[in-house]
Amino acid sequence: MEFLTNEKLTIVGAAGMIGSNMAQTAMMLKLTPNLCLYDPYGPGLEGVAEEMYHCAFDGANITYTTDIKEALTGASYVVSSGGAPRKQGMTREDLLKGNCEIAEGLGKNIKEFCPDVKHVVIIFNPADLTGLVTLLHSGLKPSQVTTLAALDSTRLQSALAKEFGVQQCKVTGCHTYGGHGEQMAVFASKVSIDGKPFSELLGTKLAHDRWEEIKGNVIQGGKHIIELRGRSSFQSPAYVSIEMIAAAMGGRKFEWPAGCYVNTEKYHNVMMAMPTTIDATGVHYTDVTGTPEEMAALEASYEHLCKMRDEIIELGIIPAVADWKTVNPNL
């Protein structure tokens, strides 16, 4: 099997569990031989690089560096998990200030060292805000930056597959929109279970109170992983984010909801999960449709995102919305 491309892919935060899993997944999927691993923590980074070398990937040209300039120069694609991880008892929003400051630095470094980068995927939480900050300071177009939100949708699919005892791929139409956090909006009106509309099963095969419990479990899916494993999830975010960047590199289209920059008549100047497609031309979104209850949940999620966006404006991490074009003319 040939590599998808020869262009340089840089993984930021490669010494961490998500980053190291991303590196291995990218090589296993043969995205590119030219993989650069970056992390400021040298010993851990070297350890990951050594492990990658010991895999003996055919045709690989894997490099590693603690110098962000070296890491980003010439990069066509960047995936970053380079923020502080979520720990037990923390929400994604608890990471707001520190990780948004990291995102600001990343955005500025992208602008300086790889302004011609084609696509950037941001993973570290709260991804809706870190992605927005990265986009603003990088000077990139909105179509070039996405955030990992799809895990909420795959968790919904997984939960319903377990509940109904069917293969996970038999559950279709699972989507969560809005924020990637406690205020996400869970949409089930287009779900089918093994070909049967979910609306016909709710209240007959699935009690309404059990459905509310399942939705709560999906929203707290990341917290549950921490409780089970003692650390934040890393296998699923690593795999799904590499699927995202693979689509941007010209591979199979990515059609789970991704976080993207939205500025419409209804939703203004936020990064949030929408009905999206990622392909070689970037990310593209369409309007959300759902029941009145689902749309109300999305409105509440959007309002929460606006509140967090305004908080980082007050912290001085990003300027007032009216001044964004002076920082990034593409917004």
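I began with the largest nonpolar core of this predicted model, and I found that it holds 86 residues, of which L35, L37, I245, M272 and L298 touch the most other members. Helix α10, residues 235-248, gives this core its largest share, namely eight residues. I then looked up the contacts of L37 and, leaving out residues up to four places away in sequence, I noted I11, A14, A23, L45 and V48 among them. There is also a second, separate core of 18 residues, including A159, V186, I214 and I219. I reminded myself that in soluble globular proteins nonpolar side chains tend to be buried together.

Next I turned to the cysteines, and a search of the whole structure gave zero disulfides. C36 is in no disulfide, since the nearest cysteine sulfur, that of C114, is 11 Å away, whereas a disulfide needs the two sulfur atoms within 2.5 Å. C36 is buried, with a relative accessible area of 2%.

In helix α8, residues 208-219, R210 and E213 lie three residues apart, about one turn of the helix, and their side chains meet in a salt bridge at 3.2 Å, N to O. Both R210, at 26% relative accessible area, and E213, at 46%, are partly exposed. I noted too that E163, R210 and E213 are linked in a network of salt bridges. Elsewhere E243 pairs with R252, the closest N and O atoms being 3.1 Å apart; E243 is buried at 16%, while R252 is exposed at 69%.

How values were computed
Residues numbered from 1 in each chain as written. Predicted model: local features only at pLDDT ≥ 70, side-chain atom pairs only at ≥ 80, totals over all residues. Heavy atoms only, no water. Buried < 20%, exposed > 50% of the residue type's maximum accessible area, 1.4 Å probe, protein only. Core = buried A, V, L, I, M, F, W, Y, C linked by side-chain atoms within 4.5 Å. Helix = DSSP H or I, 4+ residues; strand = E, 2+ residues; numbered from the N terminus. Contact = heavy atoms within 4.5 Å. Salt bridge = Lys/Arg side-chain N within 4 Å of Asp/Glu carboxyl O.
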